[in-house]
Structures are given as structure tokens and as C-alpha cells.
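Morning, everyone. Please have a look at the chain on the screen, and then I'll walk you through it.

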Amino acid sequence: MKILLYAGSLKTVSRSGVGEAIRHQREAMERLGVDYTMDEQDDYDLVHLNTIFPDSLRMARRAKRKGKKVVYHAHSTMEDFRNSFIGSNLAAPLFKQWILRCYRSADLLITPTEYSKGLIQAYGKIPPIVSLSNGVDSAFFAPDTEAGQRFRRKHGLSGETKVVISVGHYIERKGVLDFVELARRMPDHEFYWFGFTPLYMVPAKIREAVESKLPNLHFPGYVNRDELRDAYCGSDLFLFATHEETEGIVLLEALAAGIPVLVRDLPIYAEWLEDGGTVYKARDLETFERGIRGITERALPDLTENGRKLAFGLDLDAVGRRLVELYANALHSGTEKPKAQVLRPEA
């Protein structure tokens with residue numbers, strides 16, 4: 001069995017969750033010794049696609065003509081396309097039709113969670129679909145005191161400074177407006193948002209928020225995974241105020257790094273993230289502020305060991321083994337529906 005991890009448009013998504021998912025798939029293949037290539041000119045038995053650009057759809061159709069199997073990773077939904085870039089809400093119905101066209105080219109769909117699986121199934125007739133976490137490198141994103149000290153030294157932060165971080169594109173869906181407002185309300189905390197989106201791509205209210213001149217609000221831009229690991233380890237709280245996700249790889253990274261996590265109370269996290277068990281949850285600015293203060297002032301119980309245990313259950317080794325099983329099912333079972341298995345730890 002030889003797998004083609006299709007690399008078309010990889011540069012476009014390299015600084016996104018999809019790009020990180022592709023890196024995870026490569027890492028899993030290498031750990032397990034699975035024969036794979038990223039060169040579409042090589043011979044292969046099955047192609048694994050992760051992007052929904054036109055070149056990926058062409059690749060799927062070309063593979064089908066050659067009698068190859070096609071696995072499509074359904075990272076995108078209409079719901080998480082909304083409230084992203086200029087015009088995204090108007091284009092959302094067309095986006096849904098486009099991703100359906102892409103996904104219907106597959107023999108098997110993989111999507112990160114049961115929540116996103118349900119959304120996509122509701123769109124209409126699709127190929128067999130299973131949920132499988134994107135996983136996390138829990139050995140790399142691990143608690144590390146020296147890494148945390150590096151982060152604080154780099155940004156001139158004392159050991160007593162209360163630091164809140166988040167990671168993502170500068171888009172409304174990711175909760176950047178609430179992040180900025182919380183920084184405004186909490187001048188005694190330092191707020192760092194890691195990630196980058198060209199400001200010409202986002203609405204004016206997002207540009208204005210990112211360009212806010214608050215002394216405790218920082219947008220360092222995109223950083224590599226080493227610097228991001230240092231930021232997790234050097235912060236007091238990971239704030240994930242996102243309004244919609246298909247999973248959230250950065251959330252898994254924060255849990256693995258042993259940092260307290262505060263998320264928006266969303267349906268996707270209802271089943272596998274327990275409020276007060278593995279993370280804390282909030283619904284609005286007032287409950288976010290209370291949650292932040294409760295965590296950074298150590299008034300709430302420390303849940304980080306529970307969160308790290310959850311992340312261990314989604315390590316790349318476990319995810320990779322299940323991914324290889326799904327490849328084998330697609331190769332040897334035609335389009336027969338795979339057994340319903342979900343790699344998701346108990347909350």
C-alpha cells in the first residue's frame with residue numbers, strides 16, 4: 001500500500017490548521033513506516049486530499065480515472081466558512097455546493113469530529129464518512145518550564161505577569177473581537193494572539209480590532225511551532241473564544257502542553273470536553289472574564305492533568321494507526337461503508 005499525500009496548494013494552507021493536519025499525516029506515516037509520497041508523478045494506490053481548491057478536485061478525478069482510491073479529508077464546512085473573510089457570509093451557500101462537489105469525488109470522507117460529520121451528512125448525499133481526530137504531537141507539545149521561561153524572557157514578562165494567549169486567523173469566527181474586548185476590560189492581564197491574516201481580506205471591524213492600541217494587547221503574527229510551544233508553556237491560560245470549529249488543533253496542543261483552557265460553550269465540545277473536568281467553558285464576555293480571573297488567580301481547580309490525559313488519547317501514534325486502517329478499508333472494501341469508529345477519548 002502506497003499513499004499519495006497530495007501536496008497541491010500546500011503553500012496556501014501551510015500556516016493554517018489544514019496545513020498542520022497534513023504535517024500530522026506525514027508524521028504519522030513516517031512513525032508507522034507506511035510507504036507514502038507527496039509527488040503526484042509517483043505510483044500510488046490511494047490519494048489523500050486535504051484541500052478544497054480546484055487542483056485537488058482535478059487530482060481526485062485524475063486518480064479515479066486511473067482506478068485509484070480517493071480519501072478526502074473534510075476539514076471545511078459551510079458553518080466554519082461563515083464570518084471569516086470579506087463576503088464569506090454571502091458566499092457561504094455557494095461554498096457549501098463547492099465543497100460537496102469536492103467531497104463527492106471521494107471513496108471515503110474523513111472529518112475530525114462527530115459534530116462536523118453530522119453537519120456534512122445534513123448537506124445531502126455523500127460518500128461514506130467517518131470521524132477521526134487530527135491528533136496532536138503530545139511529546140512535542142508537553143509541559144516545559146524552560147520553554148515557558150524563554151517565552152517570557154523574549155516578551156519581557158515577569159514571572160508574576162498574568163498572560164492569556166490565543167491562536168488563529170484574524171477572523172470574526174475565531175473570536176478575535178471578544179479577545180480584544182477582554183483585553184480592554186482586563187488591563188491587569190497581557191493578551192497575546194498568535195497567527196496572521198492579511199488585513200485587506202477581513203472586514204473593517206476586524207482590522208480596527210487588530211489595530212487597537214491597547215498596551216496589554218499583542219499580535220506577534222505567525223510563529224513557528226517551537227515558538228508556539230514556548231508560548232503555551234509560558235502562559236497562564238489558553239483562551240479559545242471561537243464561534244465555530246470542526247475540531248481545533250491548537251486546542252489539542254494547549255491541552256497537551258498542560259495549560260489551563262477556557263473555551264466557548266459550543267455544541268462541538270459538548271460531548272468530549274467536560275466543563276470543570278478537562279476545560280472551563282463560557283458563553284459571553286462576562287462569563288469569559290470571570291473564567292479568566294478564576295483560572296489566573298487560582299480560584300478554580302487546576303484541570304491541566306485531565307486535559308493532558310485527554311490529549312494523550314489523541315496522540316499521533318493512535319490517530320495514525322486508525323488512519324492506516326481507514327486506508328486499508330478504502331483499498332480493500334470498495335465503497336462499502338467503514339465500521340463506525342470514533343477516535344475520541346471519554347470526557
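This is a predicted model: local features need pLDDT of at least 70, side-chain atom pairs count only at pLDDT 80 or more; totals for chains, interfaces and linings use all residues.

I'll start with the whole chain and then go into its core.

Start with the fold elements. The chain has 14 helices and 12 strands. Its radius of gyration is 20 Å, close to the 20 Å from the globule rule for 347 residues, so the chain is as compact as a globular protein of that length. Along the principal axes, the C-alpha trace spans about 60 × 40 × 35 Å.

Now, contacts. Take those with a separation of 6 or more: 72% of them join residues 24 or more positions apart.

Next, the surface. The accessible surface is about 15,000 Å². Carbon and sulfur atoms account for 50% of that. As for charge, there are 47 positive and 48 negative charges, and their mean positions lie 6 Å apart.

What about the inside? Of the 347 residues, 58% count as buried. In soluble globular proteins, nonpolar side chains tend to be buried together. Here, the largest nonpolar core has 35 residues. Ile 165, Phe 194, Tyr 232, Phe 238, Leu 251 and Tyr 269 have the most contacts inside it.

Which elements build this core? At least two residues each come from strands E7, E8, E10 and E11, and from helices H10, H11 and H13. The largest share is six residues, from H11.

Let's finish on one residue. Tyr 232 touches, among others, Phe 141, Ile 165, Val 167 and Phe 238. Val 250, Glu 253 and Ala 254 are also among the residues it touches. That count leaves out residues up to four places away in sequence.

Note on methods. Residues are numbered from 1 along each chain as its sequence is written. Side-chain values use heavy atoms; hydrogens and water are left out. Helices (H or I, at least four residues) and strands (E, at least two) are DSSP runs, numbered from the N terminus. The radius of gyration is taken over C-alpha atoms; the globule rule is 2.2 Å times the number of residues to the power 0.38. Buried means under 20% relative accessible area, exposed over 50%, partly exposed in between (1.4 Å probe, protein chains only). Contact means heavy atoms within 4.5 Å. Accessible areas come from the Shrake-Rupley method with a 1.4 Å probe; for residues, only the protein chains shown count as cover. Lys and Arg count as positive and Asp and Glu as negative; His and the chain ends are not counted. The place of a charge is taken as NZ of Lys, CZ of Arg, CG of Asp or CD of Glu. A nonpolar core is a set of buried Ala, Val, Leu, Ile, Met, Phe, Trp, Tyr and Cys residues joined through side-chain atoms within 4.5 Å.
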